[in-house]
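Dear colleague,

Please find below the structure that I am handing over to you. My notes on it follow directly after it.

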Amino acid sequence: MARALALAAHGLYTTTPNPRVGCVIVRDDGCIVGEGWHVKAGEPHAEVHALRMAGEAARGATAYVTLEPCSHFGRMPPCCEALVAAGVRRVVAAMQDPNPLVAGRGLARLREAGINVSSGVLEAEALRLNEGFISRMTRGRPWLRIKAAASLDGRTALANGESQWITGEAARADAHHWRARSCVILTGIGTVLTDRPRLTVRGIDTPRQPLRVIVDSQLRTPLDAAVLADGNALIATALTDTAGFAPYEARGVAVLSLPGEAGQVDLPALMQAMGARGINEVLTEAGARLNGALIASGCADALLLYLAPSLLGSAARGLFDLGLLESLTQRHALRVDSVDTVGTDLRLQARFATA
């Protein structure tokens, strides 16, 4: 199963909106006769690639697959039927598919065909690999990860806005991996106006660029903003008068009206709208205000924080605008997943306790 998970990770940047899946077919003597992974939506699934490689050697063998084989007709035929036709004796799945179209039906079909079925092997690792897909299937919204870079005292920029560069080159390069695996890079109008970012993946071989989504309540994004350059963008606004949308739409940029309280964008509604568009993972690269709003509204699931070995002082800008907390019971708790060294910086990964 560890090998199947490693194969599934080959699709880290390419399978959206489908899950990342790997499959290994093994004979009773322990010899691997077939393996494969899902490369791209609309193309054969991992089990089909592995069965093609195995050929007749699949008969009587065991298939290890990181996600329950599908049982429905989509753009590809059901994988459980392919496994039955190939004559495999046993199927081991890391986890059940949360997709309501499958959700146990694939494993049940295999059992009906007389195949020995088990699941739950390296399940935690499989869950982490597809947390975005699982979130969309179970909550109707993507998994949102806030990425930020700061000094050890939690400061993202000087008081005058200077921030390039707090962290080192290795940390900045590592962050592009997280961009590449995400379906969306989310930012706010403040970042667009101040930093004029492109928010594209650079230095990584990836067949697609993530959609850029801008939270811009009053539709102030300049038409010549770098983030809009190729039209692969969406602006979420609180405005309901669609007359101002046309110049953006003429450039291929979608505009979504999601009015919330106090003239702001309804962030939970934006999350649901992205889920409806097949978005699995969102990486937020924004300022303290949007970061804080995402946390306060319950939209943030995880934190990816790069910490540089430096201090900027209390006058510098902070990470999260969470308003005035009057009691420690109001704090937003996290569970730390890992702390690693990347170049000269630390990379901390954590998830909010409610995620």
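His-45 is found in the loop that runs between strand β2 (32-37) and helix α2 (46-54); helices (H or I, at least four residues) and strands (E, at least two) are DSSP runs, numbered from the N terminus. This is a predicted model, in which local features need pLDDT of at least 70, side-chain atom pairs count only at pLDDT 80 or more, and totals for chains, interfaces and linings use all residues. Residues are numbered from 1 along each chain as its sequence is written, and side-chain values use heavy atoms, with hydrogens and water left out.

An unreviewed UniProt entry places the feature "binding site" at His-45, Cys-70 and Cys-79. These three residues span 35 residues in sequence, yet no two of their C-alpha atoms are more than 9.3 Å apart, so they gather at one spot. UniProt positions are given in the numbering used here, feature names are shortened, and annotations may be inferred rather than shown by experiment.

Cys-79 belongs to helix α3 (residues 79-86). With a relative accessible area of 1%, Cys-79 is buried (under 20% relative accessible area; exposed is over 50%, partly exposed in between; 1.4 Å probe, protein chains only). Leaving aside residues up to four places away in sequence, Cys-79 touches His-45, Glu-47, Pro-69 and Cys-70, where contact means heavy atoms within 4.5 Å.

The domain assignment divides the chain into domain 1 (1-130) and domain 2 (140-352); such bounds come from an automatic or database domain assignment. Nine residues from domain 1 and 14 residues from domain 2 take part in the contact. The C-alpha centres of the two domains lie 34 Å apart.

Between domain 1 and domain 2, about 920 Å² is buried, and carbon and sulfur atoms give 45% of this area. Buried area is the accessible area (1.4 Å probe) that two parts lose on being put together, summed over both. Tyr-13, Thr-16 and Arg-128 supply 64% of the area that domain 1 buries against domain 2, more than any other three residues.

Two salt bridges are counted between the domains, a salt bridge being a side-chain nitrogen of Lys or Arg within 4 Å of a carboxyl oxygen of Asp or Glu. Glu-281 forms a salt bridge with Arg-20, and their closest N and O atoms are 2.7 Å apart.

Finally, helix α6 (residues 131-139) has buried residues, among them Phe-133 and Ile-134. After α6 comes Gly-140, whose phi is positive, near 75°.

Yours sincerely
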